[in-house]
Amino acid sequence: MTVSITIGEATERLTTANRVLVIGCSGSGKSTLARKLGERLGLPYVSMDREIFWLPGWTVRPRAEALARLQAIVAQERWIIDGTSPGTLPVRLPRTHLVLWLRPPRWTSLYGVLSRWLKFRGRSRPEMADGCPERMTREFLTYIWNFEKTESPEIDEKLAAYGPDVPVCVLKSKAENRRLLAILARQY
């Protein structure tokens, strides 16, 4: 059974957590939140898109190599990892102190992806592998639109398997993301 905690409890745990996962739909603000938390807490920031999954030219990294890279990162003492990938949660969760699950309405995520596309169109964004210019496809938009229906049940299942060992704070809006950062700023 998943242990859900409040934003206040999450900020308390963040002050001592050495390994944090930030998960959620594309466009939900994972990278922004993870980078800001990493800076504030002194945790090395890891983008799964950049470090694990993608090679230049939107080439998927071979699975065995991606898994080996992920295992090496997860074995480190300190990190904040930005990326959902439900299939890799069993590799990451045993070493995780806290999960921040961004679950805004789908419109928020679609807006986030559209804004990102406009900002980085024709270029690779910082949390993506070099040589992977920002793009927008119907397939990607459909993935975002259906994320809660298609991805969240598997995420729930994987989180529940680690029960009370890994607390989860669900953030349902960009305002809640900002609130978490503001509370943390007052504590530091």
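Some ground rules. Residues are numbered from 1 along each chain as its sequence is written, and side-chain values use heavy atoms, with hydrogens and water left out. Since the model is predicted, local features need pLDDT of at least 70 and side-chain atom pairs count only at pLDDT 80 or more, while totals for chains, interfaces and linings use all residues.

Start with the sheet. It is open, has 6 strands and pairs in parallel, in the order E1-E8-E7-E2-E6-E3. The edges are E1 (3-4) and E3 (45-47), and each pairs on one side only. Helices (H or I, at least four residues) and strands (E, at least two) are DSSP runs, numbered from the N terminus. Two strands pair if DSSP finds at least two bridges between them. Take E2 (residues 19-24) and E6 (residues 79-82): they run parallel, joined by 4 bridges. Valine 20 has isoleucine 80 in E6 as its bridge partner.

Now the pocket. On terms: a pocket is an open set of points on a 1 Å grid over the protein atoms alone, where a 1.4 Å probe fits, with protein on both sides within 12 Å along at least five of seven lines; lining residues have an atom within 4 Å of a point.

Which residues lie nearest its centre? Ser26, Lys30, Asp49, Arg116 and Arg125, out of 48 lining residues. By class, the lining has 16 nonpolar, 15 polar and 17 charged residues. Asp, Glu, Lys and Arg count as charged; Ala, Val, Leu, Ile, Met, Phe, Trp, Tyr, Cys and Pro as nonpolar; the others, Gly among them, as polar. Helices supplying at least two lining residues include H3 (48-53), H4 (63-74) and H9 (174-187). H2 gives the largest share, 6 residues.

Next, helix packing. The axes of H6 and H7 come within 8 Å and cross at roughly 150°. Axes are lines fitted to C-alpha atoms over the stretch in contact, and angles run from 0 to 180 degrees between N-to-C directions. H6 and H7 are therefore roughly antiparallel; the cut-off for that is over 145 degrees.

H1 (residues 7-14) and H9 come within 9 Å, axis to axis, and cross at roughly 45°. That makes H1 oblique to H9, oblique being whatever is left after under 35 (roughly parallel), over 145 and 65 to 115 (roughly perpendicular).

Last, the backbone. Tryptophan 58, in the loop between E4 (54-55) and E5 (59-60), is not a glycine, yet has a positive phi of about 55°. Serine 85 also has a positive phi, about 35°. Serine 85 lies in the loop between E6 and H5 (89-92).
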